[in-house]
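I opened this model to look up a few places in it.

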Amino acid sequence: MSVAVVLFTSDLRLHDNPVLRAALKEADEIVPLFVRDDAVHRAGFDAPNRLAFLADCLAALDAGLRHRGGLLIVRRGGAAAAARRVAEETGAASVHVAAGVSRYAARREERIREALAGTGCELRVHDAVVTALAPGRVVPTGGKDHFAVFTPYFRRWEAEGVRGTLTAPRTVRVPDGVASDPLPDRDTVKNLSPGLARGGEDEGRKLVTSWLNGPMADYETGHDDLAGDATSRLSPHLHFGTVSAAELVHRAREKGGPGGEAFVRQLAWRDFHHQVLADRPDASWSDYRPRHDRWRSDADEIDAWKSGLTGYPLVDAAMRQLAHEGWMHNRGRMLAASFLTKTLYVDWRVGARHFLDLLVDGDVANNQLNWQWVAGTGTDTRPNRVLNPVIQGKRFDPRGDYVRRWVPELAELEGAAIHEPWKLQGLDRAGLDYPDPVVDLAEARSRFERARGLD
């Protein structure tokens with residue numbers, strides 16, 4: 001009986017999984033393997049919210065495999081050493097894995113290749129598993145390796161087309177006697193955000209169906225409505241690969257309409273960031289386009305930002321949502337990042353690290369490069385734009401319902417006045433248990449413009 005190893009990474013699903021399908025086509029039996037890699041812990045990337053969501057994903061994957069006659073094998077240690085051991089134990093002729101774009105993924109692939117050298121077991125790496133379109137599939141003319149601006153990338157992305165989707169296998173045969181560590185248990189993870197969502201392929205597919213059959217239709221006009229919460233909330237499932245980006249593109253296009261088109265555009269943004277990081281892995285922590293910033297580092301202001309106590313209600317609401325859910329509305333992410341990097345003029349890496357500590361969808365490509373985009377060190381063609389939290393609040397939370405939900409100290413304030421509580425007088429202001437603004441917006445903007453040489 002021929003055997004292949006399927007090393008699951010950011011593709012924790014059975015539906016539309018090219019890695020799994022290729023292994024099943026090649027071998028009589030497969031070993032579905034997930035490695036709890038020590039390198040992830042050493043890098044500080046195993047944040048509690050993601051660990052808990054991962055536990056859900058692995059439990060669902062194991063259940064799906066058992067329903068098809070198999071099971072998930074879990075090992076702990078280095079991914080390369082574990083893959084080699086399993087291959088040797090089972091006599092596997094190949095190890096299949098999805099391609100990644102982070103520095104960690106590149107090193108993992110290199111180490112697996114080295115570990116398998118001379119064993120007779122080949123490594124097979126599959127593209128367009130984590131993204132809808134593989135990084136490098138389209139490149140600009142003129143010899144450049146990646147697109148640095150989204151709009152021309154999106155035109156090529158649309159013209160290129162996305163691969164077809166694959167059904168889930170009906171049966172999965174696994175060799176007898178392969179040892180496995182226990183599955184991780186969500187209930188053992190400490191310091192979780194209390195409102196953290198559940199993970200797993202079943203949860204993800206239910207969410208996809210619900211999204212496509214209703215809210216997506218209004219996505220073009222409603223995606224920035226903070227109180228309406230009219231986004232898909234699929235980002236954690238895309239991060240862990242419990243849903244397929246390629247399948248989402250096809251299904252959204254089948255539904256059609258302006259909402260479907262706007263949603264597909266957001267999926268292309270995700271691919272855009274992955275192709276940037278694939279060519280510039282240093283952009284995970286180094287400025288993509290240096291602006292020679294001399295960042296400030298006021299510990300009290302940073303703590304106020306992290307705690308949702310800046311005195312600017314919309315910023316604080318967004319940061320409190322992050323702490324409670326391990327997730328934040330995209331408009332809130334942009335505003336919170338702009339406030340830290342341009343209003344407080346704090347290094348974007350400080351904010352990116354805090355987001356990675358809490359976000360259940362904390363993804364190196366999208367988190368880091370979105371932070372750089374907002375900070376003006378990334379791919380934004382208007383690098384010095386500053387988002388004003390008062391104007392943003394009046395535009396995207398005009399009745400104040402989003403702020404009222406997350407900043408209950410201000411719940412009694414009516415309408416747009418909730419975005420400027422410092423303007424209240426006398427006892428009205430004194431009765432609010434809410435801080436004054438940590439900085440004056442006009443002064444902060446002037447400081448930023450001087451720092452960037454714009455004055």
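Entry 1, model. I am working from a predicted model.

I checked the UniProt record, an unreviewed entry, and found "domain: Photolyase/cryptochrome alpha/beta" placed at residues 2-131. I looked up the makeup of residues 2-131 and noted 46% helix and 23% strand. The end C-alpha atoms of that span lie 30 Å apart.

Entry 3, charged patch. I asked which residues form the positive surface patch. The patch consists of R42, R103, R107 and R111. Helix α5, residues 103-116, supplies the largest share, three residues. I then took R103, which lies in helix α5. Its relative accessible area is 38%, so I list R103 as partly exposed, the class between 20% and 50%.

I located P182 in the loop between α6 (150-160) and α7 (201-212). Is P182 buried or exposed? I noted P182 as exposed because its relative accessible area is 66%, and the cut-off for exposed is over 50%. I also looked up P182 against R75: the two are 107 residues apart in sequence, and their C-alpha atoms are 8.5 Å apart in space.

I found Y345 in the loop between α14 (330-343) and α15 (348-358). The relative accessible area of Y345 is 4%, so I recorded Y345 as buried; buried means under 20%. For Y345 and D455, 110 residues apart along the chain, I noted a C-alpha separation of 16 Å.

Key:
Residues numbered from 1 in each chain as written. Predicted model: local features only at pLDDT ≥ 70, side-chain atom pairs only at ≥ 80, totals over all residues. Heavy atoms only, no water. Patch = residues over 30% accessible without salt bridge, like charges linked within 9 Å, V, L, I, M, F, W, Y side chains within 5 Å. Areas by Shrake-Rupley, 256 points an atom, 1.4 Å probe, with all protein chains shown as cover. Salt bridge = Lys/Arg side-chain N within 4 Å of Asp/Glu carboxyl O. Lys, Arg positive; Asp, Glu negative; His and termini not counted. Charge placed at Lys NZ, Arg CZ, Asp CG, Glu CD. Helix = DSSP H or I, 4+ residues; strand = E, 2+ residues; numbered from the N terminus. Buried < 20%, exposed > 50% of the residue type's maximum accessible area, 1.4 Å probe, protein only. UniProt positions renumbered as here; feature names shortened; annotations may be inferred.
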